[in-house]
Amino acid sequence: MISEKMTKALNNQIKEELFSSYLYLSMAASFEAQNWQGFANWMKKQSFEEYGHAMKIFDYLNGVGKKVVLEQLDKPKSDWNSPLEAFEDALKHEIHITNKINELAKLAEDEKDFATANFLQWFVTEQIEEVASATAIVEKLKFIGDQKSGLLFLDNELGKRQ
Ligand code: OFO
């Protein structure tokens with residue numbers, strides 16, 4: 001049986017995931033405005049993926065007979081001065097989300113809520129990948145610095161994300 005405390009925490013995580021989607025869409029908009037179409041593509045795909053994370057929790061709560069209550073989303077930042085600044089923010093955000101998922105996993109464990117603990121395992125694994133992929137891009141951008149050819153190459157690479 002899922003407690004009210006856990007229901008509230010999962011509802012809050014829906015908000016966190018929708019905000020992730022909103023933040024990456026805002027980064028996509030900023031990249032589009034600066035003609036970085038590849039970076040924008042990567043962020044748009046990431047935004048869809050985050051919407052998917054929110055929906056997984058939405059469906060889980062409904063599946064266990066709990067009501068989803070959507071919360072208010074904050075306005076995301078809208079301008080980043082460079083691809084590095086945006087991806088550094090994305091990495092910081094993924095670390096924040098990892099902490100939120102770990103808190104949820106801890107709550108599930110404390111409450112001996114094995115069904116939710118099992119459900120959250122997917123997110124624990126996903127966060128390893130999310131942090132790793134943002135870190136890899138940040139590292140590449142740091143290596144490139146302000147070399148235009150390197151930035152164009154990476155923009156092209158990230159434009160291939162399906
Ligand atoms: Fe980026 O993993 Fe969800 O929020």
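Helices (H or I, at least four residues) and strands (E, at least two) are taken here as DSSP runs, numbered from the N terminus. The model is a predicted one, in which local features need pLDDT of at least 70 and side-chain atom pairs count only at pLDDT 80 or more, while totals for chains, interfaces and linings use all residues. Residues are numbered from 1 along each chain as its sequence is written.

**The whole chain**

Start with the protein chain in cartoon view, where the elements run α-α-α-α-α from the N terminus on, giving five helices and zero strands. Taken along the principal axes, the C-alpha atoms fill a box of roughly 55 × 25 × 25 Å. Of the 162 residues, 30% are buried, a residue being called buried if 20 or more other C-beta atoms lie within 10 Å of its own, exposed if 12 or fewer, and partly exposed in between, with C-beta atoms placed from the backbone. Two residues are in contact if their C-beta atoms, placed from the backbone, lie within 7 Å; among contacts between residues at least 6 apart in sequence, 75% join residues at least 24 apart.

Next select residues 1–145, which an unreviewed UniProt entry annotates as "domain: Ferritin-like diiron". UniProt positions are given in the numbering used here, feature names are shortened, and annotations may be inferred rather than shown by experiment. Over this range the chain is 80% helix and 0% strand, and the end C-alpha atoms are 52 Å apart.

**Helix H3**

Now select residues 83–110, the 28 residues of helix H3, whose end C-alpha atoms are 40 Å apart, in agreement with the 40 Å that they should span at 1.5 Å a residue; the expected span is 1.5 Å times one less than the number of residues. Show the side chains of the buried residues of H3, among them Phe-87, His-93, Glu-94, Ile-97, Ile-101 and Leu-104. An α-helix has 3.6 residues a turn, so residues three or four places apart point the same way. The buried residues of H3 pack against helix H1 (4–33), helix H2 (37–63), helix H4 (114–144) and helix H5 (148–158). Just after H3, stop at Lys-112, which takes a positive phi of about 50 degrees.

Return to Pro-83 in helix H3, which is buried, with 25 other C-beta atoms within 10 Å. Leaving aside neighbours within four places in sequence, Pro-83 is in contact with Trp-36, Phe-39, Leu-141 and Leu-151.

**Helix pairs**

For the pairs, axes are lines fitted to C-alpha atoms, for helices over the stretch in contact, and angles run from 0 to 180 degrees between N-to-C directions. Angles under 35 degrees count as roughly parallel, over 145 as roughly antiparallel, 65 to 115 as roughly perpendicular and the rest as oblique.

Display H1 with H3, which pack at an angle of about 170 degrees with their axes 11 Å apart and are therefore roughly antiparallel to each other. Residues making this contact include Gln-13, Glu-16, Leu-23 and Met-27 of H1, and Ala-90, His-93, Ile-97 and Leu-104 of H3.

Finally bring up H1 and H2, whose axes are 8 Å apart at an angle of about 165 degrees, which makes H1 roughly antiparallel to H2.

**The annotated binding site**

End by selecting Glu-17, Glu-50, His-53, Glu-94 and Gln-127, where the unreviewed UniProt entry places the feature "binding site". Although spread over 111 residues of sequence, these positions cluster in space, the largest C-alpha distance being 12.9 Å.

Centre on Glu-50, which lies in helix H2 and is buried, with 23 other C-beta atoms within 10 Å. Not counting residues up to four places away in sequence, Glu-50 touches Glu-17, Ser-20, Ser-21 and Tyr-24.

Move on to Gln-127 in helix H4, which counts as partly exposed with 19 C-beta neighbours inside 10 Å. With residues up to four places away in sequence again not counted, Gln-127 touches Ile-97, Thr-98 and Ile-101.
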